[in-house]
Amino acid sequence: MEKHVVVIYPHPDDESFGAAGTMTQFREQGVPVTYLCGTLGEMGRNMGTPTFANRETLPEIRKQELIDACKALDIELRMLGYRDKTLEYEDRGEVAAHLKGILQEIKPSLVITHYPDHAVHPDHNALGAAAIEAVRLMDPADRPTVWAQALTEEIDGKVRERDIVNDVTAQFDTKLQAILAHKSQASPMLGLMNTEDKETIEAVKDRFNTESFFIWKYDD
Amino acid sequence: MKPIVKAEVQNLLNQFINKDVYIHLETTNGAYASHLNENAYNVGAYIRNAKVSFDQAKIVQDGNIFRVGLKMEIGWIYAEGLTDWTMHEETKLLMAGHDREGRLMVSLQISETPFSY
């Protein structure tokens, strides 16, 4: 059993769409889970449907949504204070050192983050790379296991089977509750779920009923 | 935000003329555009808290959308596709254009004090 799980993603809602079921499975086992959320998604373009946020009110709205989602998931939350869309321009070493400090304090047995270069959004790729670097900087004996989430089918040009494939159907209600806490962001997904097209509904459910990860392999 | 009424916004733009102001100017089609549609391109740009001064400001209506041009001493600031506006904290003029799903596509914001950063 894991001792403590730390999830590192850049945006409020990455945790709910990407790993809510997995986090819920850990909470069901009594494992503490901490979410390190990189930014407040300040530059998001979803403003709610119908629109209720604007560029200046969005950060506070998303912060509250994030707090509500973490409450629904029964996980601890820490906000890292970076700015949306800028993580790839921050000094990788500084971000890694920041994360390493937090990991040394929490001493997790497992870290979940994005798979660098295969997580579509530049912030995902940059924070995933910094998280993996943070663990690499640790003494190999103290390193937690790292699960890296790729959002592309192909990895380095070929389809690779994920090491961890979690069926979270049993946790889907909690996951959906967490997703819906992100009111300003969830409507496009709900739009898909409300469609008459059965194939679309099944595709959405399939997509969110499974959470899969690669186990990161360190060379040294 | 509420739908732009040209005269109201023109009146507010006039109040920023010949003052040192901070601008937020942005356009985006989302970070997932080319992920969701391989024929699409990810395009976006923003500048936040550029300190400028303009001596002319005009809003133009074109059907349901609006354009704003601000004339500076040695250049221009321009935004197309604006649909909505609000005054934020009573001093910051926010204008934005949203698509049918309410997603922001363009924004132009003007304030005498910096936007939070």
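Two residues are in contact if their C-beta atoms, placed from the backbone, lie within 7 Å. Angles between elements run from 0 to 180 degrees and are taken between N-to-C directions of axes fitted to C-alpha atoms. With these terms, helix H1 (residues 14–28) of chain A lies across strand S1 (5–9), strand S2 (33–37), strand S4 (110–114), strand S5 (145–149), S8 and S9 of chain A, and runs at about 175° to S1(A). The model is predicted.

**Helix H3 on the sheet**
- Helix H3 (residues 92–106) of chain A also packs on the sheet, where it touches S1, S2 and S4 of chain A.
- The direction of H3(A) makes about 165° with that of S1(A).

**The sheet of chain A**
- An open sheet is formed by seven strands of chain A in the order S3-S2-S1-S4-S5-S9-S8, with mixed pairing.
- Strand S3 (76–79) and strand S8 (164–167) of chain A each have a single partner strand, so one side of each is left without a neighbour in the sheet.
- On average, and with direction ignored, neighbouring strands of this sheet are turned by 25° against each other.
- Four bridges join S8(A) to strand S9 (residues 210–215) of chain A, and this pairing is antiparallel.
- Asn166(A) has Glu211(A) in S9(A) as its bridge partner.

**Nonpolar cores**
- The largest nonpolar core has 48 residues, of which Val7(A), Ile8(A), Val111(A) and Ala131(A) touch the most other members.
- The most residues in this core, eight, come from helix H4 (residues 122–136) of chain A.
- Apart from neighbours within four places in sequence, the contacts of Ile8(A) are Leu36(A), Leu99(A), Val111(A), Thr113(A), Leu127(A) and Ala131(A).
- A second, separate core holds 25 residues, including Leu25(B), Ala57(B), Met95(B) and Ile110(B).
- In soluble globular proteins, nonpolar side chains tend to be buried together.

**Backbone details**
- The peptide bond between Thr49(A) and Pro50(A) is cis, with omega about -5°.
- Pro50(A) belongs to the loop between S2 and helix H2 (58–73) of chain A.
- Asn49(B), in strand S3 (residues 44–52) of chain B, is not a glycine but has a positive phi of about 65°.
- Asn49(B) has 14 other C-beta atoms within 10 Å and is therefore partly exposed.
- Glu90(B) is not a glycine either, and its phi is positive at about 65°.
- The loop between strand S7 (84–88) and strand S8 (92–98) of chain B contains Glu90(B).
- Glu90(B) counts as exposed because it has 5 C-beta neighbours inside 10 Å.

Definitions and conventions: Residues are numbered from 1 along each chain as its sequence is written. Chains are lettered from A and ligands numbered from 1 in the order in which they are written. This is a predicted model: local features need pLDDT of at least 70, side-chain atom pairs count only at pLDDT 80 or more; totals for chains, interfaces and linings use all residues. A nonpolar core is a set of buried Ala, Val, Leu, Ile, Met, Phe, Trp, Tyr and Cys residues joined through C-beta atoms within 7 Å. A residue is buried if 20 or more other C-beta atoms lie within 10 Å of its own, exposed if 12 or fewer, and partly exposed in between; C-beta atoms are placed from the backbone. Helices (H or I, at least four residues) and strands (E, at least two) are DSSP runs, numbered from the N terminus. Two strands pair if DSSP finds at least two bridges between them.
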